Amino acid sequence: MISTVIVALDLFTKHLVQSALAYGEHMTITSFFNLVLTYNAGAAFSFLSDASGWQRWFFSGIAAGASVLIVYLLRKHAAEKLFCISLSLVLGGALGNLWDRITLGHVVDFLDFHISGYHWPAFNVADSAIFVGAMLLIVESFRHKKE
C-alpha cells in the first residue's frame, strides 16, 4: 500500500511539474527552494548521465532486480513493521523512477533546494522516498532484536 501511494504521488507530481514548466525553467517558491524541470539520464547526482544510453537499461535492470528482492523480503519479514515500512518506501521510489526510465528514457527531477548560491542536485518524490526508506533501514538495523 505504501509503495502504491509513493508511485502515485511521484507520477502525479512529475506530471504537474511537466505541465507547468518547460525543461530547465525555474519557479521560485521560497528563498531556499525552487521548482525546476530537469531530466536525469543517470543515477543519483546525475552519475553516468552523459553516457551513450546504455545506462538507461543498466539502471532499469538494477531497479527491477531490487524491486523483486524487496518484494521477497517484504513477504519473508512481514511481521517486522519498521523494516517493511522502510522497504515499501524504497520500493515505491524505485518503481516511480523505473517507470520514468522505461517510458521516457530519463528520470524527471524538480525539487531544487539551495543556499547562498549552492544548489543540491534536483530530485523528486521517488528519490525522497528512497532516502527516507534507507534512513529508516539504518535506524531499524540498530534496534535491539529479540533472539
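Visitor: How many helices and strands does the chain have?

Guide: This is a predicted model. Its chain has 4 helices and 4 strands.

Visitor: What pattern do they follow along the sequence?

Guide: The pattern reads α-β-β-α-α-β-β-α.

Visitor: What percentage of the residues count as buried?

Guide: Of the chain's 147 residues, 38% are buried.

Visitor: Switching to charges. How many salt bridges does the structure hold?

Guide: The structure holds 2 salt bridges. In one of them, the side chain of Lys14 meets that of Asp10, at 2.7 Å from N to O.

Visitor: Where do Lys14 and Asp10 sit relative to each other?

Guide: Both belong to helix α1, which covers residues 2-20. They are 4 residues apart there, so about one helical turn separates them.

Visitor: Are they buried or exposed?

Guide: Lys14 is buried, and Asp10 is buried as well.

Visitor: OK, which residue forms the other bridge with Lys14?

Guide: Asp100 does, and the closest N and O atoms of that pair are 2.7 Å apart. Asp100 is in helix α3 (residues 81-104) while Lys14 is in helix α1, so this pair ties together parts 86 residues apart in sequence.

Visitor: Is that pair buried or exposed?

Guide: Asp100 and Lys14 are both buried.

Visitor: Which residues end up in one network?

Guide: Asp10, Lys14 and Asp100, joined by salt bridges that share partners.

Visitor: Why can side chains pair like that in general?

Guide: Side chains of opposite charge can pair when their charged atoms come close.

Visitor: New topic, helix packing. At what angle do α1 and α4 pack?

Guide: The angle is about 145 degrees, and the axes of α1 and helix α4 (residues 125-142) are 8 Å apart.

Visitor: Which residues make that contact?

Guide: From α1, the residues are Ile6, Leu9, Asp10 and Thr13. From α4, they are Val125, Ala126 and Ala129.

Visitor: How does that contact split by class?

Guide: The contact of α1 with α4 has 5 nonpolar residues, 1 polar and 1 charged.

Technical notes: Residues are numbered from 1 along each chain as its sequence is written. This is a predicted model: local features need pLDDT of at least 70, side-chain atom pairs count only at pLDDT 80 or more; totals for chains, interfaces and linings use all residues. Side-chain values use heavy atoms; hydrogens and water are left out. Helices (H or I, at least four residues) and strands (E, at least two) are DSSP runs, numbered from the N terminus. Buried means under 20% relative accessible area, exposed over 50%, partly exposed in between (1.4 Å probe, protein chains only). A salt bridge is a side-chain nitrogen of Lys or Arg within 4 Å of a carboxyl oxygen of Asp or Glu. Axes are lines fitted to C-alpha atoms, for helices over the stretch in contact, and angles run from 0 to 180 degrees between N-to-C directions. Contact means heavy atoms within 4.5 Å. Ala, Val, Leu, Ile, Met, Phe, Trp, Tyr, Cys and Pro count as nonpolar, Asp, Glu, Lys and Arg as charged, and the others, Gly among them, as polar.
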